[in-house]
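Please look at the sequence and the model together before reading the notes on them. The report is meant to be read with both in view.

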Amino acid sequence: MDRALTLALRGPAHGPNPRVGCVLLGPPAPTGDRPVLGEGWHRGAGTPHAEVDALAAARARGHDTRGATAVVTLEPCNHTGRTGPCAQALLAAGITHVEHAIPDPGTTSGGGAQTLREHGVTVTTGTRAAQALELVRHWHHALTHHRPWVTLKTATTLDGRVAAPDGTSRWITGTAARTHAHTVRATVDAIAVTTGTALTDDPALTARTPDGHLAAHQPLRVVVGHRDLPPDARLHGAGGPLLHLRTHDVHHVLATLHEHETRHLLVEGGPALAGALLTHGLVDELHAYLAPVLLGAGPTAVTPFGITTLADAPRWHTTTTHRLGDDLLLVARATPT
Ligand code: AOF
Ligand code: ZN
């Protein structure tokens, strides 16, 4: 399963489909070792699933898969979507044992384990479940909550400010923090800002490499609010598709993005959008970039979201911290993982 998890990581972190890895093991040799017949992983929506990829690899090497074991990071699917059902492919290949780390939460895609059992395949589950879930965190969250995983990014002074009283805000964090933020952008499905932020900052919302080139994957660019963007806004330039949602209802925003199969949304401002999401408990992860600067005055990253007493403030669970030049990045989640 560790090998299957490593294979899964070769797939893209973004996109509507989960990252999945699969290893096919032959019957034990006299030494007790089990030969690897084939390995596979999923390369993105519309391409073969990990199981089918591993079966093809085994076939290409001339291996007989009858009686073999499939070790998969996710329960094999049982549906015909963009590709055919893996449960049928495994049965046709004569696989007699399937070990999958976590069940598929999909209402149409799940159920492969039951089909396999009905055809006499032994199926076990649960090995490395926490790691397998982390691998597909955003996808799994979207399927179970019917909305994308929401990461809120803030770049603030140590006293939580995003600008000085005169409005100057470029640049609070340093180059290393900004470069890191671009690597995150290259892994998400969509980035959202309000029309207010779009009009004030004129962001491009693209994922760029340190030398300024566009990264291979460009997230959907989402602008929330009623005001029009000027025709020369950088958001109209090269980058991901632009979606202007003329609403202030954050539930509507997330529902619309869910229809677009957005699994991971990065919210980059402004403070009112952050406040609205927090009011409704719709932020799953914080990326707080902190610069060693104090201002003592100026707007903060988040507008009031209903907290008047400390005991009511949600406590986040820190997952990682990174030092980026003089700055710090604190990654925290709403729920412990
Ligand atoms: C993947 N890759 O390796 C496996 C998946 O859109 P489709 O037709 O490709 O189906 C996607 C669903 O198939 C996905 O949501 C999950 O339930 C299941 N398994 N998907 O993209 C894979 N094994
Ligand atoms: Zn499948």
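The paragraphs below go from the overall layout to single elements and residues.

## Basis of the model

This is a predicted model, in which local features need pLDDT of at least 70 and side-chain atom pairs count only at pLDDT 80 or more, while totals for chains, interfaces and linings use all residues. Residues are numbered from 1 along each chain as its sequence is written, and chains are lettered from A and ligands numbered from 1 in the order in which they are written.

## Overall layout

The protein contains 10 helices and 13 strands, these being DSSP runs (H or I of at least four residues for helices, E of at least two for strands) numbered from the N terminus. Its C-alpha trace spans about 75 × 40 × 40 Å along the principal axes. Of its 337 residues, 41% count as buried; a residue is buried if 20 or more other C-beta atoms, placed from the backbone, lie within 10 Å of its own, exposed if 12 or fewer do, and partly exposed in between.

Among the contacts in the protein with a separation of 6 or more, 70% are accounted for by residues 24 or more positions apart, a contact being a pair of residues whose C-beta atoms, placed from the backbone, lie within 7 Å.

## Two domains

The protein is divided into domain 1 (1-142) and domain 2 (148-334), with bounds that come from an automatic or database domain assignment. The centres of the two domains, taken over C-alpha atoms, are separated by 35 Å. Nine residues of domain 1 are in contact with 11 residues of domain 2, and on the domain 1 side these residues divide into five nonpolar, three polar and one charged (Ala, Val, Leu, Ile, Met, Phe, Trp, Tyr, Cys and Pro count as nonpolar, Asp, Glu, Lys and Arg as charged, and the others, Gly among them, as polar).

Helix H6 (residues 137-145) has His-138, Trp-139, His-140 and Ala-142 buried. The elements that cover these buried residues include helix H5 (129-135), strand E6 (149-157), helix H9 (250-259) and strand E10 (264-267). Just after H6, His-146 takes a positive phi of about 60 degrees.

His-100 is placed in strand E4 (residues 97-102) and counts as buried because it has 28 C-beta neighbours inside 10 Å. Leaving aside neighbours within four places in sequence, His-100 is in contact with Val-72, Leu-74, Glu-75, Pro-76, Ala-113 and Thr-125.

Eight strands form an open sheet of mixed pairing, in the order E9-E8-E7-E10-E6-E11-E13-E12, where two strands pair if DSSP finds at least two bridges between them. Strand E9 (242-245) and strand E12 (317-324) are the edge strands, each pairing on one side only. Strand E7 (residues 190-194) and E10 pair in the parallel sense over three bridges, and Ile-191 has Leu-266 in E10 as its bridge partner.

In helix H10 (residues 271-279), the buried residues are Pro-271, Leu-273, Ala-274, Ala-276, Leu-277 and Leu-278. Their cover includes E6, E7, strand E8 (220-224), H9 and E10. After H10 comes Gly-281, whose phi is positive, near 65 degrees.

Notes:
Contact = placed C-beta atoms within 7 Å.
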